[in-house]
Amino acid sequence: MSKTQRQRKQNSFRLDYLLAHAGFGSRKEVKKQLKSAAFSLAGEALRDPSTHIEIDQIQNLYYRGNPINIQLSAHLLLNKPAGYLTALEDRSLPCVAELLTPELLAAGLKPCGRLDLDSEGALLFTNDGQLLHRLSSPKHEVEKVYYLHYTGKRPDQGARTQLENGSIILDDRPCLDATVYLDGDENPYMELRANEAIICIREGRYHQVKRMFSAIGAPLSYLRRIAFGPLHLDDRLPLGSHRLLEPSEVEALYQICDLEVPTL
Ligand code: URA
């Protein structure tokens, strides 16, 4: 049995994680509150933050005699490093799941879309299957923004137009139009130097950005996704680390998918 399977089999969450997720403050603040025996499970006071609560016991958690309404859907943003496969498990390669905690994996989080083994950047995980489906569906045309290094000479106007107006054909189908920023262009993301670029696309085809730049004779040497829909990577999220989404980010994600944010 793999490490991931063992973690998922537990089907439980650490208490301090659950309470922090339910809005009782940071895990440190939760630990302090637990000392006062304010929390209970089926009548028993809970004091140990590392207690694991089975998913089917969550509705029996109480705070000062009142049931706690715990939002069970979970969404997080990982800053994926190169060298990790976008998969929950693999026989030979390190997987992104290894960068998450057992509690999060037990919540059924799955990656939304895919970044190549050698790509870095924003990778969303969610345990809401409907949200995952809509975000991955070409119909919703979720915008993805990539920062990259290309090799060769600066794309001329013709090459740039090819990238931008959907005249590149991949797998017998033209790409959707895209936005490209090169060094010297004003852009809302960051300053670019020679051989650096940013491209915003609304699809997620296999090796899409690499193949688009290869098609104009400027193969990539580096690729990082800096935004996925309304989610943006910033300095608060170092490479290899992850964070739960802010409520406003969750709302924005559901909104672009025409879905209501679930209450549980
Ligand atoms: N396009 C690519 O070529 N690779 C990625 O990882 C993402 C987009």
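Which residue in S14 is the bridge partner of Thr179? Here are some notes on that point and a few others.

1. First, the ground rules. This is a predicted model, in which local features need pLDDT of at least 70 and side-chain atom pairs count only at pLDDT 80 or more, while totals for chains, interfaces and linings use all residues. Residues are numbered from 1 along each chain as its sequence is written, and side-chain values use heavy atoms, with hydrogens and water left out.

2. The overall picture: the protein has eight helices and 17 strands. Helices (H or I, at least four residues) and strands (E, at least two) are DSSP runs, numbered from the N terminus. The C-alpha trace spans about 70 × 35 × 30 Å along its principal axes. Of the 264 residues, 44% count as buried; buried means under 20% relative accessible area, exposed over 50%, and partly exposed in between (1.4 Å probe, protein chains only).

3. Now to the opening question: the partner of Thr179 is Cys200. That contact belongs to the antiparallel pairing of strand S13 (residues 179-182) with S14, which runs over four bridges. Two strands pair if DSSP finds at least two bridges between them. S14 also pairs with strand S10 (residues 144-150), again in the antiparallel sense, over six bridges. There, Leu148 stands opposite Ala197.

4. Please have a look at the cover on strand S14 (residues 196-201), where six of six residues are buried. In a regular strand the side chains alternate between the two faces of the sheet. In S14, Glu196, Ile198 and Cys200 point one way, Ala197, Ile199 and Ile201 point the other way, and all are buried.

5. Ala227 counts as buried because its relative accessibility is 1%. Ala227 and Glu143 are 84 residues apart in sequence, yet 7.9 Å apart in space, C-alpha to C-alpha.

6. Elsewhere, four strands form an open antiparallel sheet in the order S3-S2-S5-S6. Its edge strands are S3 (44-45) and S6 (66-67), each pairing on one side only. Strand S5 (residues 61-63) is joined to S6 by two bridges, and Tyr63 stands opposite Asn66 in S6.

7. Two backbone angles deserve a friendly check. Arg64, in the loop between S5 and S6, has a positive phi of about 45 degrees although it is not a glycine. Arg64 counts as exposed because its relative accessible area is 57%. Asp171 also is not a glycine and has a positive phi, of about 50 degrees. Asp171 is found in the loop between strand S11 (169-170) and strand S12 (173-174), and counts as partly exposed because its relative accessibility is 49%.

8. Finally, the surface: Lys28, Lys31, Lys32 and Lys35 form a positive patch. For such a patch, residues need over 30% relative accessible area and no salt bridge, and like charges are joined within 9 Å. A salt bridge is a side-chain nitrogen of Lys or Arg within 4 Å of a carboxyl oxygen of Asp or Glu. Lys35 is found in helix H3 (residues 27-35), and counts as exposed because its relative accessibility is 65%.

Key:
Patches are made of residues with over 30% relative accessible area and no salt bridge: like charges are joined within 9 Å, nonpolar side chains (Val, Leu, Ile, Met, Phe, Trp, Tyr) within 5 Å. Accessible areas come from the Shrake-Rupley method with a 1.4 Å probe; for residues, only the protein chains shown count as cover. Lys and Arg count as positive and Asp and Glu as negative; His and the chain ends are not counted. The place of a charge is taken as NZ of Lys, CZ of Arg, CG of Asp or CD of Glu.
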